[in-house]
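Here are a few exercises to work through with the model open on your screen. Try each task before you read its solution.

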Amino acid sequence: MKRIAILLPLALALLLSACGGESSLPKATGKASVRAINAMSGSAELVFLIEERTIGNLTYRSATAISSWDDLDYTFNFDAFFAGDTQLTRIASQYIDFVADQEYTLVISGTLGNPSLAVWESAKRQFAAGDTVFQVRFSQYANYFTDPIDFYFAAAGIAPASGEAVASLSFGEIAPARDFEAGSYVLTITSADNPADILFTSDEVSYAAQSDLIISPFDATANDIGEFTVQVFGLSGGTGSLADSSIPAAVEFLHAAQDLGTSDIYDDETLLSRILANHAYTDLSAEISITPGLNTFRYTPAGDTTAVTLEGDLAASPGKRYRFVAGGVSPDFVATVAPVDRQPIDSAAKIGFYQTSNNFDFLNLYLVDQGETIDGKSPSRTGFPPFASAPALSVIPGNYDAYVTEFGATDILAGPVNVNVTLGDVIELIVFDTADPAVLDLRLFGTP
């Protein structure tokens with residue numbers, strides 16, 4: 001005890017001495033801002049961190065919100081989750097010594113196994129109160145283009161002309177910022193030095209004054225129609241996309257209404273334009289091309305054009321895929337539009353789950369190694385309601401059995417259904433009612 005009594009005053013004296021001197025720690029003189037963009041098409045959601053503090057999560061073709069930090073030096077990190085792991089894996093890091101009043105954008109591309117990082121630095125734009133302009137930087141992150149492309153940004157009706165391109169870019173490049181008067185514009189992309197070779201023409205879009213935007217093409221995913229999409233970063237709502245109405249949309253039809261019977265589907269009020277015949281219960285149709293905009297689909301009994309049994313609308317965006325679902329029980333049939341996810345990822349196989357039961361409000365999905373029971377196992381999806389959507393399960397490639405139970409119970413309502421997946425597979429399990437209200441039908445779609 002005596003020894004401690006001697007050391008404590010000594011430590012206190014050293015602490016007071018240190019407090020009285022000049023600190024060697026760096027001092028901030030201002031703020032800089034940062035955001036990240038995910039241009040890695042095969043990635044699942046990435047986590048973006050400043051040191052070990054999370055800034056935001058990033059799906060492909062999305063950006064984090066811009067955040068401000070003291071003008072000190074930091075290491076920024078990107079983490080990814082690999083199926084089967086219990087923690088995230090660090091896939092890339094970037095050291096930046098911040099300069100006050102600068103804006104930094106980190107763009108991650110490549111693959112999870114071989115990522116590439118780019119850092120864009122620019123002066124943070126400060127608009128005056130009465131400014132009527134907005135700022136745009138054009139960039140290019142679509143591997144689809146092997147040669148440079150030209151960007152034209154003008155009012156509707158103004159065709160691309162030689163010498164009028166606002167940027168000419170190759171993959172990974174970003175053009176200097178340019179100001180435009182607030183208003184409506186059309187983006188046109190052409191091959192380099194060839195304004196007649198039009199590759200993309202956006203719909204007319206209105207841009208607000210004092211916006212600070214980045215506009216860039218990216219490779220399409222399996223969820224898109226077409227070879228690339230064009231994204232806009234910096235909108236008030238976050239990340240958006242520019243539509244090209246010359247690109248069609250597509251829809252597949254899922255019959256999940258047991259009482260509806262085999263049906264024909266029409267896309268016109270006069271029932272003269274039949275787009276799908278003999279659509280039977282539990283069928284998932286092939287994809288059908290449709291015109292972007294509001295589409296109304298009408299069901300009739302197969303071979304009968306005298307009675308519409310179900311009617312529903314689909315507001316389709318250009319270049320997107322949709323699923324139109326017939327559900328419910330007679331006479332209260334319902335039409336639902338569900339998202340379609342066919343995009344593979346590099347780190348796992350994906351298994352979607354969709355339940356259409358009218359007999360059970362909430363279901364559990366179990367996914368166990370083939371040959372095992374669900375005894376003592378936790379469900380992979382818990383309390384899943386009818387016609388709900390959720391991200392697909394990311395699983396280790398392997399051979400599984402799938403079972404379905406009612407939420408809060410362990411009695412098996414459906415299964416086992418064998419699910420054999422390899423890396424990059426995307427499949428879906430869909431639950432249907434059967435003639436026996438105590439039994440469900442679990443079906444596998446998109447089998448690799």
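Two strands pair if DSSP finds at least two bridges between them; strands themselves (E, at least two residues) and helices (H or I, at least four) are DSSP runs, numbered from the N terminus. You're looking at a predicted model, where local features need pLDDT of at least 70, side-chain atom pairs count only at pLDDT 80 or more, and totals for chains, interfaces and linings use all residues. Residues are numbered from 1 along each chain as its sequence is written, and side-chain values use heavy atoms, with hydrogens and water left out.

**Exercise 1. Get an overview of the chain: how many helices and strands does it have?**

Step 1: Count the elements, and you get one helix and 34 strands.
Step 2: For the extent, the C-alpha trace spans about 90 × 80 × 40 Å along its principal axes.
Step 3: Of the 448 residues, 45% count as buried (under 20% relative accessible area; exposed is over 50%, partly exposed in between, with a 1.4 Å probe and protein chains only).
Step 4: Now take contacts (heavy atoms within 4.5 Å): among those between residues at least 6 apart in sequence, 61% join residues at least 24 apart.

**Exercise 2. Work out the strand order in the open sheet that contains E2.**

Step 1: Start with E2 (residues 46–50), which is joined to E3 by five bridges, running antiparallel.
Step 2: Pick a pair to check: Leu 49 has Thr 54 in E3 as its bridge partner.
Step 3: Extend to the four strands, and the order reads E3-E2-E5-E6, with antiparallel pairing.
Step 4: Look at the edges: E3 (53–58) and E6 (89–97) each have a single partner strand, so one side of each has no neighbour in the sheet.

**Exercise 3. Trace what stands opposite Phe 151 in E11 and in E13.**

Step 1: E10 (149–154) pairs with E11 (residues 167–169) in the antiparallel sense over three bridges, and Phe 151 faces Ala 167 in E11.
Step 2: E13 (residues 183–191) is antiparallel to E10 and joined to it by six bridges; there, the bridge partner of Phe 151 is Ile 189.
Step 3: Five of the six residues of E10 are buried, so E10 is largely enclosed by the rest of the structure.

**Exercise 4. Is Ala 402 buried or exposed?**

Step 1: Locate Ala 402 in strand E31 (residues 398–406).
Step 2: Its relative accessibility is 0%, so Ala 402 counts as buried.
Step 3: Leaving aside neighbours within four places in sequence, Ala 402 has contacts including Leu 365, Tyr 366, Val 417 and Leu 429.
Step 4: Check one: Ala 402 and Leu 429 are 27 residues apart in sequence and 8.6 Å apart in space, C-alpha to C-alpha.
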